[in-house]
Amino acid sequence: MPLIDGGSRITNYIVEKRESTRKAYSTVTTNCQKCSFRIPNLAEGCEYYFRVLAENEFGIGEPAETAEPVRASEAPSPPESLNIMDVTRNSVSLAWPKPEHDGGSKITGYVIEAQRKGTNQWAHITTVKTLDCVVKNLTENEEYTFQVMAVNSAGRSAPRESRPVIIKEQMMLPEFDLRGIYQKTVIAKAGDNIKIEIPVLGRPRPTVTWKKEDQILKQTQRVNYENTATATILTINECIRNDSGQYPLTAKNIVGEVSEVITVQVHDIPGPPTGPIKFDEISSDFVTFSWQPPLNDGGVPISNYVVEIRQTDSTTWTELATTVIRTIFKATRLSTGVEYQFRVKAQNRYGIGPAITSESVVANYPFKVPGPPGTPQVIAVTKETMTISWNEPVTDGGSPILGYHVERKERNSILWQTVSKMLVSGNIFKSTGLTDGIAYEFRVIAENLAGKSKPSKPSEPVFALDPIDPPGKPIPLNITRHAVTLKWTKPEYNGGFKITGYTVEKRDLPNGRWLKANFSNILETEFTVSGLTEDAAYEFRVIARNAGGAVSQPSEPSDAITCKDDIEAPKIRVDAKYKDTLVLKAGEVFRLEADVSGRPPPSMTWTKGEKELEDTAKLEIKIADFSTVLINKDSSRRDGGAYTLTATNPGGFAKHIFNVKVLDRPGPPEGPLAVSEVTAEKCVLSWLPPLDDGGAKIDHYVVEKRETSRLAWTAVATEVPLTKLKVTKLLKGNEYVFRVMAVNKYGVGLPVETSESVKVSERPLPPGKITLLDVTRNSVSLSWEKPEHDGGSRILGYIVEMQSKGSEKWSTCATVKVTEATITGLIQGEEYTFRVSAQNEKGISDPRQLGIPVVAKDLVIPPAFKLLFTTFSVLAGEDLKVDVPFVGRPKPAVFWHKDNVALKQTTRVNAESSENITVLTIKEACKEDVGAYLVKLTNSAGEATETLNIVVLDKPGPPTGPVKVDEVTADSITISWEPPKYDGGSSINNYIVEKRDTSTTTWQIVSATVARTTIKACRLKTGCEYQFRITAENRYGKSTYLTSEPISSGAITARDEVEPPHISMDPKYKDTIVVHAGESFKLEADVHGKPIPSIQWLKGDRELTNTARMEIKSTDFATSLSVKEAIRVDSGQYILLAKNVGPVEITGVTAE
């Protein structure tokens, strides 16, 4: 109720509502008697504002309104079902659908409760916002029932219960759910993305693997598969035709294994038709061509082909047909003689594939002009006529020969004349009207429907002369199964000219044609016709030709001749001089000749030893049918020996041996050339006589020598009668090669050399002075000098011997290749004598003995250093290794100290010691390594110390602060500092001082060559605050900075020099500056004053600044104002104002 009723009882209440999205209230009731009211007919889910107004007899009061909107809603309906999705031995997976009705308010979550069998109590499990939930930590083999309730702002829904479920592990054979893949086949277009998702059932969760055909599927960025909790997903991005195929997949768990095969078909446009394009028919106005279907049809049938054409002189293709079904096409309406090119593309339902292009083709008749006829032959001649014949062309061009044109010309003319008045139908023509004694040539042209052929080759020139008589009848001289040798007589009348040759013709019996049997001109009246068939019968005839070009009639044919061998065993006949050995001198020519008979003519070979001889430039072999000759030029000893001629035919064989002896220089002596009894100056050579004495007795031998360092040979002895020689006067230590040559009456033979060089040497001299290096209680160390002379041969080693005191026996105690040795195994306190011998390849030198006996006992030596210097420097970052050699017996203990503290060994700094040296190693040296290092040696004989100074060369440390301010004026500040504590091992060259106005971040160099530790920074601006920084520099670089505190250039002191501002300008600026519109002008002035004045440019009362057309430039002592493209408003008075602590100076310039 209202706190104030207006002095009159409240009669009723008015209730109003408005939707939150509207501004106007609507009345719900005007006569509410209570302080509560149920408002019906609200829109579910809408938000409303409500207000209540009280009313008494005096009127309606002020309203009371809800502060927040109220949503019209109620508790939601329960989910339709609660499904058990999965069960394990300790959990259950639940899922449910959204409620059909959310009660008008958003579902904010779901409450899950569980009830164990045997209890009436529901236990709260969890509250979730999703439509599924996994309930964990359940008791195995217990039975549970679950319920879910939806929650919104109005409350909870009624519960929805699940079926009872027993908690235990589920076991199920794997199974693929392929209902979503029709006939287990996936079809896609090339370029598309393929995603195959197959639900997988089975408990425990199966392992799924994919294959492509019979290979494990190789996963790439484009092709891969993914296994989720309930499915396996194969993804192929931007698929291509090669992705088509069988994809077997296998699911496997402990229960079993199942497999399925998914077929993927990727369809695409087809590939190019299979070429080449074949031209089946070519005519003057059409072309028929064909091709083969594409090897790749894109996965779907080819629907049609697209055929295009272009003339080869154009780049534009024109469609001839787009619906060609078959793989053959006839292109019509072509222009005769024009060259065309065609291309064909296959098309399927996915589009048109790439084209295949034909070769160029000319639209023309399907036949060509014939080829040229054969070369004409003159077959009959008189002084007025000639008859010629020719063979048909090799090709008729595809159209029958209509006839021939015959042309002739005189031999010395270049003009051909047609002598056939009409087409000659046969291939024989008689040309008349010739001039007696003139030589003529003929040629023939064939013609068909396509036109005339090229002319034939011209005939041989033939003179127009009366014919000569035919030769005599040919008579066979020799008949074999494949050849016949014929002989005939010359013509009785030669036609007035010399006979220049014959032509032999043959004819197969009984009905063969006459054919030419020779392929080169026959000059003699004898010829062998070869290439005949065994047991075949032939006739032969001969035609003569004279120098005038006249050709005779053929001779009378020979009798019938049958080709078969008339067998007669070979026989060889030689001159009587070849019965004995043929003797000649080297350089002469010898000739071996023989006549051979036999039928058929025997084949002949020359051999020497077991090698068959061949015709060469030096050895010439000539073989005719029944004779042979061997000629050897420039004979040498190697050409001597037995030459065998062998003649063979089917009747047998015959041999004859020719013996040839060539008198020559002897061969090399028989090796090896042995060297013995070698000393420092001599040696003995021995050898055997040569196997080849050159056909004459060996008179003597020549012996030569050569130093291996030279190329020239020198004679040792030139007339050695025996096969042995003692060589003297050799140079000790030199290496020699020797050679020996035999001599007979024909000259000096070839040499035999020593296989290896011979070094002339002897035993070396004894070693030089022997030095005792060290003695212990059981060992002695010796060294010695090399021998003064090594005997001419390299020292191979040294033999060390020792002798105990009281013994006369020397025993070898060491064999070494160097000039020092340590002998161990000695007896303490015993006295020993030692000696050393040198050895080379000639033997062992005399020994050199140690001057004094040695007693085996330990030496006692106080420690001592062997240092050359004690200061070491290293560049920073580099490694340093300090070797400190020392002596001392027994071995001293080594101690290192730095700055009076034992050196701490690290991986970077460490010291190692051996018998006679200690090494300090510092890696990546830095300034911490600088200092004095003390090395101490101690043994039973005493101790020794040495101080080493290590200097690390580096950039210096920063100058030592703080920066002191020694003096401040209006325009200067004097500062000072201390040198760096660490100078980097090198003297400080200079300091670099920089300043910074604290209102900026930019540092400016005051000076880079400050030699002392103080500087006065001048030309500062009064009242500005500055900061300074200083860096030290040595030869190795700059230090880090020492930075000062900010310092102000303070008030002027009595020492400050003050100069009021002063402006100086060119006198021209005292007059008005006149410029035209669009021109530019510039005002300049010099400004002076101490401290440096500040500068302002004014126009009227306004301070000028830089703009697009106006530019102001000012330095400490000058200023300028530039105006580009002046306009009227730029006229007026420009004021330059300069001011500092002194009086202000103002200068005015008027511009118009």
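**A tour from strand β29**

Select V306 and K345: in strand β29, the residue that bridges to V306 is K345. Strands here are DSSP runs of E, at least two residues long, and helices are runs of H or I with at least four residues, both numbered from the N terminus. This is a predicted model, in which local features need pLDDT of at least 70 and side-chain atom pairs count only at pLDDT 80 or more, while totals for chains, interfaces and linings use all residues. Residues are numbered from 1 along each chain as its sequence is written, and side-chain values use heavy atoms, with hydrogens and water left out.

**Stop 1: around β29**

Now select residues 339-348, which make up β29. Buried means under 20% relative accessible area, exposed means over 50%, and partly exposed lies in between (1.4 Å probe, protein chains only).

Two strands count as paired if DSSP finds at least two bridges between them. Next select β30, residues 351-357, which is antiparallel to β29 with five bridges. A hairpin of two residues connects β29 to β30, and Q347 faces I352 in β30. Finally, pick residues 361-362, strand β31, which pairs with β29 in the antiparallel sense through two bridges. Here Y340 stands opposite V361.

**Stop 2**

Zoom in on β20 and β21 (residues 231-236), an antiparallel pair with five bridges. Within it, N227 is opposite T232 in β21.

**Stop 3: the annotated spans**

UniProt, in an unreviewed entry, places the feature "domain: Ig-like" at residues 174-265, 570-649, 863-951 and 1061-1147. Such annotations may be inferred rather than shown by experiment. Select 174-265: this span is 0% helix and 59% strand, with its end C-alpha atoms 26 Å apart. Then select 863-951, where the span is 0% helix and 63% strand and the end C-alpha atoms lie 27 Å apart.

**Stop 4: salt bridges**

How many salt bridges does a search of the whole structure find? It finds 35, each being a side-chain nitrogen of Lys or Arg within 4 Å of a carboxyl oxygen of Asp or Glu.

Show R89 and E169, whose closest N and O atoms are 3.9 Å apart. R89 is in the loop between β6 (83-87) and β7 (92-95), and E169 is in the loop between β14 (165-166) and β15, 80 residues apart. R89 is partly exposed at 48% relative accessibility, and E169 is partly exposed at 33%.

Move to D639 and K618, a salt bridge of 2.6 Å, N to O. D639 sits in the loop between β53 (627-632) and β54 (641-649) and K618 in the loop between β51 (611-612) and β52 (619-623), so the pair ties together parts 21 residues apart in sequence. D639 is buried at 12%, whereas K618 is partly exposed at 33%.

The last pair is D899 and K898, at 3.2 Å, N to O. D899 is partly exposed at 47%, and K898 is buried at 17%.
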